[in-house]
Amino acid sequence: MTGTSLTGAGTASIAAPKPSMVLRLLAGRGVFRLAIQAMGLVLVTAWGAHDYGRFATALGLMTWLNFVPSAAEKSALKCLPRLRTTRDAVAALAVRVAVVPVLVVLAAMAVALIVAPDSDAALYLTAAGWSISGGLLMTVSGLHRFTGKSTLDALAFTAGAVVVAAVTVGTWFVRWSPLTHLGLSLGGILLILGVSAALLPKKWLRGERIDGHRLLPAFGRTTVLLGMTEVLDVLATSTVFGVLALAGRTVDSGPFYVALLASSAFCSLLFYQLRVHQPSISARLRGGGAAAGRARAVALLKLVERSALAFLVLVGIALAIPAARAALTAEATVGAYVVLGVFVLAETVLFAVRLYAGFLIENTNSKVLTLTASASIAGLFATPLAAAAFVPAMGPVGGFAALVFAIGVRATVLRRLLRRHHPEL
């Protein structure tokens, strides 16, 4: 390795994962996601609209933290297939970079629970601990996959599903508070995380200084830029919960959160599929394969851009028609939930296509990472502005309209930045 590059060392091509392994991994993650989905539905009946609204707002505002430690996994899965002599050092760095923010959040949570256990701050920081610890579990599991121990990934998330199900059942019967529910869920995840981390190669866990003073800046830059896109995208979604609260519609955070769970369930499985295949795709998209990857991504971004615009134009036309406007702004009716389902479907499809396009771009080379980060920053500004326009009148439906608008903005910005840096596109 020379300079500050993490991709300069050549390696043999990385084989795509076997279908049996992919199915095993998806089964583990799928069961975990189903448990989260069921939790969202069961807790509505356990708490009612008010407490569930507080719970949904806390989780919604803190979900972005899930992607802070998992950025290290994404960076490692991109870099490790291209390394040979520094592979262990980079893997050890990935573990440390992922652990530090988790410890910071857990320390802040502990202080809040001691000083003001009944405060909103304690609830929000416990939700933050739950989200960020789940992200660390993804990182640890991803590193296990790289060592050929994919079964540990599936087992960890199957165990996580058992924890979520057990705590949810307990909450339904005992009527634990949102804080107690999150605290117990977090405790179970931390136990699984401790066992999973202990099974990593010992040389990745040792505390001694890592040789190569240039590794940390290079890996850190790649991690920040790769992780920034997902953190900012989810943080942008979290701002919708803030707008709902500011608009006096905290109760509507519940339906928005449940609908968002349905969208995120599909996108999470897609996201995980991309992570599983990332080592082989990263190896294929380097060098001469990068141009083809960028061209494919540009075509997909143009599709997202035009589809989002067409959808929002139709929404604008509907708002101008009294009967259609009444359907878009209705609350707690069968028609309102059907309309919400249509908006969720549109947002899910557009997000998934844009996610894949961004994945192709990120794995071509490290120079494009500033472009994907810039597009996510644009989305972070666009989401709350659109939410402020749509949410007060349309509630959860307006929240998804804002997300569609932000997806279109990200696609537009990223496509134009790519064409500016690669005129051949």
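Reply: A crossing is right-handed if the near helix is turned clockwise from the far one by less than a right angle, and left-handed if anticlockwise. The model is predicted.

H5 passes H6 in a right-handed crossing. Helix H5 covers residues 120-146, and helix H6 covers residues 150-174. Their axes lie 7 Å apart, at an angle of about 155 degrees. Angles over 145 degrees count as roughly antiparallel, so H5 is roughly antiparallel to H6.

Now the residues. From H5 come Trp 130, Leu 137, Met 138, Ser 141, Gly 142, His 144 and Arg 145. H6 answers with Ser 150, Leu 152, Asp 153, Ala 156, Phe 157 and Val 164. By class, this contact of H5 with H6 holds seven nonpolar, four polar and two charged residues.

Trp 130 leads on to another helix. Trp 130 is part of the H5 contact with H6, and Ser 185 touches Trp 130 as well. Ser 185 lies in helix H7, residues 178-198. Ser 185 also touches Val 163 and Val 167, leaving aside residues up to four places away in sequence. Buried means under 20% relative accessible area. Ser 185 is at 2%, so Ser 185 counts as buried.

Next, the aromatic rings. A pair of rings is described by the distance of the centres and the angle of the planes. Ring centres must lie within 6.5 Å to pair, and planes over 60 degrees apart count as edge-to-face. By this rule there are nine aromatic pairs. One of them joins Phe 241 and Phe 256. Their ring centres are 5.1 Å apart and their planes stand at 70 degrees, so the pair is edge-to-face. Phe 241 sits in helix H9 (residues 215-246) and Phe 256 in helix H10 (residues 253-284), so the pair ties together parts 15 residues apart in sequence. Phe 241 has 1% relative accessibility and counts as buried. Phe 256 has 0% and counts as buried too.

Phe 311 and Phe 343 also form an edge-to-face pair, at 5.1 Å centre to centre and 75 degrees between the planes. This pair links distant parts of the chain, 32 residues apart. Phe 311 is in helix H11, residues 289-320, and Phe 343 is in helix H13, residues 334-362. Phe 311 is buried at 15% relative accessibility. Phe 343 is buried at 4%.

Last, a cluster. Trp 47, Tyr 52, Phe 55 and Tyr 257 form one aromatic cluster.

Definitions and conventions: Residues are numbered from 1 along each chain as its sequence is written. This is a predicted model: local features need pLDDT of at least 70, side-chain atom pairs count only at pLDDT 80 or more; totals for chains, interfaces and linings use all residues. Side-chain values use heavy atoms; hydrogens and water are left out. Axes are lines fitted to C-alpha atoms, for helices over the stretch in contact, and angles run from 0 to 180 degrees between N-to-C directions. Helices (H or I, at least four residues) and strands (E, at least two) are DSSP runs, numbered from the N terminus. Angles under 35 degrees count as roughly parallel, over 145 as roughly antiparallel, 65 to 115 as roughly perpendicular and the rest as oblique. Contact means heavy atoms within 4.5 Å. Ala, Val, Leu, Ile, Met, Phe, Trp, Tyr, Cys and Pro count as nonpolar, Asp, Glu, Lys and Arg as charged, and the others, Gly among them, as polar. Buried means under 20% relative accessible area, exposed over 50%, partly exposed in between (1.4 Å probe, protein chains only). Rings of Phe, Tyr and Trp (its six-membered ring) pair if their centres lie within 6.5 Å; planes under 30 degrees apart count as stacked, over 60 as edge-to-face and the rest as tilted.
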